[in-house]
Amino acid sequence: MFLSGVSWARACQFVRSSPQAFSPPQPSAPIATLATSPPLVHISYDVDATVIVREGAQTTMGKPRVYVTRMLPSQGLDLIHAFCDATVWEGELPPPHEVILRQTREADGLVSLLTDRVDGALMDACPRLRVVSNYAVGFDNIVIPDATARGIPVGHTPGVLTETTADFAFALLMAAARRIVEGADYVRAGQWKTWGPMLLMGSDIHHSTLGLVGLGRIGAEMAKRAQGFAMRVLYTDVVRREDLEASLGIEYAPLEDILARADFVSIHTPLTAETHHLMNRERFAQMKRGALIINTARGPIIDPDALLEALRSGHLGGAALDVTEPEPLPADHPLLTQPNCLVVPHIASASATTRGQMAEICARNLIAGLKGEALPAGLNPEALGTGRSALPRAW
Ligand code: DGY
């Protein structure tokens with residue numbers, strides 16, 4: 001009979017007062033015979049140090065151990081709890097790196113967030129780790145080649161947040177162009193005295209030019225939204241997407257052209273070594289005077305000092321940022337003193353439906369990796385069947 005409801009971690013607690021200090025014994029060596037309520041329970045390790053829980057004459061296998069670095073929506077967490085022995089960090093702030101290291105040291109799987117750095121050093125400190133599932137579509141927090149080299153499949157959450165994020169990017173564009181947040185603040189501050197011919201004038205969205213830096217899934221959805229506003233849409237990307245140009249009514253242009261022509265520049269590229277501070281002083285200087293920039297991708301794609309200068313000098317008309325460098329942006333950061341800089345706390349994908357779907361994909365990636373199966377949304381399928389992912393399993 002399976003020792004139902006008793007995880008291997010809990011079982012270990014029966015025999016050791018300090019499970020953190022526990023180190024696996026030699027393969028297959030019985031380590032304890034517990035005189036709990038009958039029948040007797042034996043715990044031993046198989047050859048790859050996976051726990052097998054035995055009760056009486058029958059043998060059954062334990063659940064994989066996983067560490068989850070934040071509370072996730074139940075659509076994902078319930079699946080994780082059903083298949084795994086999961087430890088979940090319940091704090092609002094991310095766990096410190098030492099805590100992740102300690103908690104993952106004996107884990108088979110890790111659910112990480114974009115705030116958690118997962119690199120070769122962490123993987124080496126966690127020798128059982130065989131799958132990493134990131135609760136985000138972006139994965140710049142994970143060193144994928146390090147994972148691949150160790151045969152650790154990595155998953156992310158593409159697709160489900162595409163439209164939600166594009167909706168939000170367009171909402172930021174509209175809010176910044178039409179000064180909606182400034183207007184609301186003005187009213188709340190009791191400054192609204194009368195209708196004013198020149199009060200809070202903004203920029204037109206309809207028939208303006210939108211420049212997309214990056215035409216991935218979210219960039220393409222942004223183009224669709226722009227069609228409804230009769231905007232001209234230019235895009236740039238490392239790969240020209242002629243297949244989408246006619247259907248989306250978009251025009252390819254080099255970055256310099258886009259910056260020179262666009263009234264709105266919206267960033268939709270991943271953060272890589274090439275895109276780090278892509279928007280620097282020179283590039284802001286190339287932007288059309290009075291243009292606005294929107295960023296829902298990753299903060300470090302924009303050099304914040306260069307942005308501040310461009311806003312202060314009046315060269316840029318405004319900025320709307322869901323992501324910043326650093327994150328969070330300190331409350332006394334000079335960008336927050338600029339009335340034409342709208343900053344929100346990295347919430348572009350934060351609809352209840354989308355975050356639930358992200359959690360489910362994240363859980364399915366984790367469980368597939370633990371089972372040695374292809375991840376539904378894997379980033380390095382070549383890792384499967386090699387290294388850690390090929391270790392024997394006992395669940
Ligand atoms: C992501 O998924 O990468 C977003 O930044 C958060 O949803």
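Visitor: How many helices and strands does the chain have, and what makes a stretch count as one?

Guide: In this predicted model, the chain has 13 helices and 16 strands. A helix is a DSSP run of at least four residues and a strand one of at least two; strand 16, residues 341-343, therefore qualifies as a strand.

Visitor: What share of the chain is called buried, and why that word?

Guide: Of its 395 residues, 41% count as buried. The word is used because each such residue has 20 or more other C-beta atoms within 10 Å of its own.

Visitor: Why are strand 14 and strand 15 called a pair?

Guide: Pairing needs at least two bridges. Strand 14 (residues 292-295) and strand 15 run parallel and are joined by four bridges, so they pass. Within this pair, I293 stands opposite A319.

Visitor: What about strand 15 and strand 16: what makes them a pair?

Guide: Three bridges join them in the parallel sense, and at least two are required, so they pair as well. Here A319 stands opposite C341.

Visitor: How do you know that both faces of strand 15 are covered?

Guide: Look at residues 318-321. G318 and A320 are buried on one side, and A319 and L321 are buried on the other. In a regular strand, side chains alternate between the two faces of the sheet.

Visitor: Why are the buried residues of helix 2 said to be on the same side?

Guide: The buried residues of helix 2 (residues 74-83) are G76, L77 and I80. They lie on the same side because they cover an arc of only 95 degrees around the axis. On the other side, S74 and A82 are exposed, so each has 12 or fewer other C-beta atoms within 10 Å of its own. The cover over the buried residues includes strand 5, strand 6 and helix 13.

Visitor: Which residues of helix 8 are buried, and what covers them?

Guide: In helix 8 (residues 217-227), the buried residues are I218, G219, A220, E221, M222, A223 and A226. Their cover includes helix 6, helix 9 and strands 10, 11, 12 and 13.

Visitor: What makes the shell around the ligand four nonpolar and two polar?

Guide: The residues around the ligand are L114, A136, V137, G138, L161 and S349. Leu, Ala and Val count as nonpolar, whereas Gly counts as polar. The shell therefore divides into four nonpolar, two polar and no charged residues.

Methods:
Residues are numbered from 1 along each chain as its sequence is written. This is a predicted model: local features need pLDDT of at least 70, side-chain atom pairs count only at pLDDT 80 or more; totals for chains, interfaces and linings use all residues. A residue is near a molecule or strand if its C-beta atom, placed from the backbone, lies within 6 Å of it. The arc is that of the directions from the helix axis to the C-beta atoms. Two residues are in contact if their C-beta atoms, placed from the backbone, lie within 7 Å.
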